[in-house]
Amino acid sequence: MNQEKVLSVENISKTFPGVKALNDISLDLYKGEVLVLVGENGAGKSTFVKILSGIYTADEGGKMTLDGKAYTPKGIRDANSQGIYIIHQELNMIPDMTITENLLLAQGFPKKKGMKCFVDWKEADKQAQAIIDQMDLKYDLHARVETLSVANQQMLEISKAISQENAKVIIMDEPTASITSQEVDKLFGYIHKLKARGIGIIYISHRLEEIKRIGDRIIVLRDGTYVGEKEAATVDVDEMIRMMVGRNVTQYYPKSEHKAGEVALEVEGLSLHKLVKNVSLQARKGEVLGIGGLVGAGRTELVRGIFGADKIASGRVLIDGRQVKLSSPKMSVKHKIAFLTEDRKILGLLMGQSIWSNVVISKLSKLGRFGFLTEGRGIRVSDDYKEQLKIRMPSSRSLIENLSGGNQQKVIFARWLFSDSDIFIFDEPTRGIDVGAKTEMYELIDRLVLDGKTVILISSDMMELMGISDRIAVMSNGSLAGVLERDDFTQEKIMELALEGYLEK
Ligand SMILES: Nc1ncnc2c1ncn2[C@@H]1O[C@H](COP(=O)(O)OP(=O)(O)OP(=O)(O)O)[C@@H](O)[C@H]1O
Ligand SMILES: [Mg+2]
């Protein structure tokens with residue numbers, strides 16, 4: 001890392017109606033360094049980087065300098081042309097356009113020689129191919145982006161941002177939230193190349209273990225203010241958490257003794273058209289059934305099949321011992337199954353709606369029949385969850401899109417808690433959630449189970465999976481490799497099962 005500044009920020013503040021998202025932030029970014037921003041959900045991280053990338057304008061009074069010159073981006077394109085790029089926290093591709101179209105949209109399509117109005121698609125594909133080749137992605141350029149998994153879309157975003165030749169600063173807002181550890185390795189390898197080119201990188205993540213691996217310097221934000229700065233190599237993680245949360249976070253995985261009762265959900269010989277083969281398992285009342293396995297092992301596919309979000313090829317699902325036909329998510333909700341998906345933007349949030357409507361949507365009838373009752377009670381309900389989950393929001397009437405990413409995730413979690421379901425399927429519920437709030441989510445899961453409910457939990461975080469599950473079913477290459485009881489949980493055993501389906505027989 002050299003000591004030449006690429007970007008300098010002085011006294012930046014940002015006020016939204018009712019919220020001071022940033023309060024007088026000053027910092028420098030050096031060429032070739034990875035500067036990590038950490039802080040709780042709603043601390044102001046995304047707001048800060050949106051100001052850097054021209055999406056928001058800061059309040060009067062601050063100053064930014066890029067490569068020694070005053071920097072006042074008029075918008076994201078202007079920021080790009082001056083060399084600042086951002087990989088967004090929420091996916092930003094256009095789902096029904098092809099990969100080539102998405103990759104070249106911002107920079108413009110190559111035109112046929114002498115014919116300004118006609119796109120040279122052959123050349124366009126060539127350019128797109130060069131972009132995805134950098135990250136070794138083997139995608140069909142003509143496939144629509146919506147056919148890619150969340151992780152693959154994220155990889156596409158990453159390869160798009162890092163392919164820019166004029167880049168001076170690249171901002172990554174939780175780039176690894178949904179990708180696999182293999183892909184994280186690829187990304188980190190690439191970050192080293194960017195550093196060598198002298199590009200400054202601002203990196204945001206809630207995965208504290210990866211910060212030490214990739215970061216040079218760490219800056220902690222809390223409630224929109226600068227709390228302090230640490231060297232990544234020597235930082236003490238507990239101390240960093242204390243700086244973020246303002247208190248000690250000691251018990252990471254609160255869990256009471258659970259007494260499992262009767263079988264609530266049974267799956268017999270379930271196969272899907274994609275990946276999942278002949279899975280049979282049971283989830284009981286009063287237990288957390290964890291589902292482990294590598295990313296791509298079929299965990300999400302399995303629960304989507306159970307929930308009726310994807311078509312089943314064969315097999316049966318029984319609830320309380322009776323066979324049910326869960327042919328759509330609507331049917332499953334009727335049978336009191338809740339499903340928190342990993343892909344909150346597509347399957348979860350009602351954009352353009354208030355926070356309270358997003359909370360009560362699954363159970364509007366619970367609030368009474370009269371419109372005027374609905375709003376007041378809806379607001380009271382979401383205010384309640386706001387307390388419990390420490391959701392950082394100005395008011396329950398605010399629009400959902402004005403919440404920070406992690407706080408949106410909490411709202412969806414609240415929705416399902418409120419839904420009065422008996423069986424809760426949570427797919428990566430703590431993705432993008434800060435360390436302090438995770439504990440609160442675990443406590444609520446624990447309470448559900450003590451109440452006799454059934455929780456099915458998919459998590460790629462091994463410590464979390466072992467910390468809160470009563471049993472763990474391990475998927476491998478689309479099949480169920482085995483089920484472990486709590487006393488038998490070890491990382492080695494889980495990994496062994498997770499790999500089983502990939503070994504040559
Ligand atoms: N467009 C907006 N309108 C109103 N308030 C907003 C808007 N964008 C962000 N906020 C508020 O600003 C605060 C900071 O949000 P921000 O998204 O920067 O948090 P964050 O640190 O990125 O959190 P997370 O870890 O959850 O992603 C939050 O209270 C949020 O609700
Ligand atoms: Mg954010």
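This is a predicted model: local features need pLDDT of at least 70, side-chain atom pairs count only at pLDDT 80 or more; totals for chains, interfaces and linings use all residues.
1. Helices (H or I, at least four residues) and strands (E, at least two) are DSSP runs, numbered from the N terminus.

2. Local features need pLDDT of at least 70 and side-chain atom pairs pLDDT 80 or more, while totals for chains, interfaces and linings use all residues. Residues are numbered from 1 along each chain as its sequence is written, with chains lettered from A and ligands numbered from 1 in the order in which they are written.

3. The bounds come from an automatic or database domain assignment. The centres of the two domains, taken over C-alpha atoms, are 30 Å apart. Eight residues of domain 1 contact eight of domain 4 (C-beta atoms, placed from the backbone, within 7 Å).

4. Helix H8 (residues 237-245) has the buried residues Met240, Ile241, Met243 and Met244. They fall within an arc of 160 degrees seen down the axis, so they line one face of the helix. The arc is that of the directions from the helix axis to the C-beta atoms. Buried means 20 or more other C-beta atoms within 10 Å of the residue's own, exposed 12 or fewer, with C-beta atoms placed from the backbone. Exposed Asp238 and Glu239 sit on the face turned away from the buried side.

Terms used
Two residues are in contact if their C-beta atoms, placed from the backbone, lie within 7 Å.
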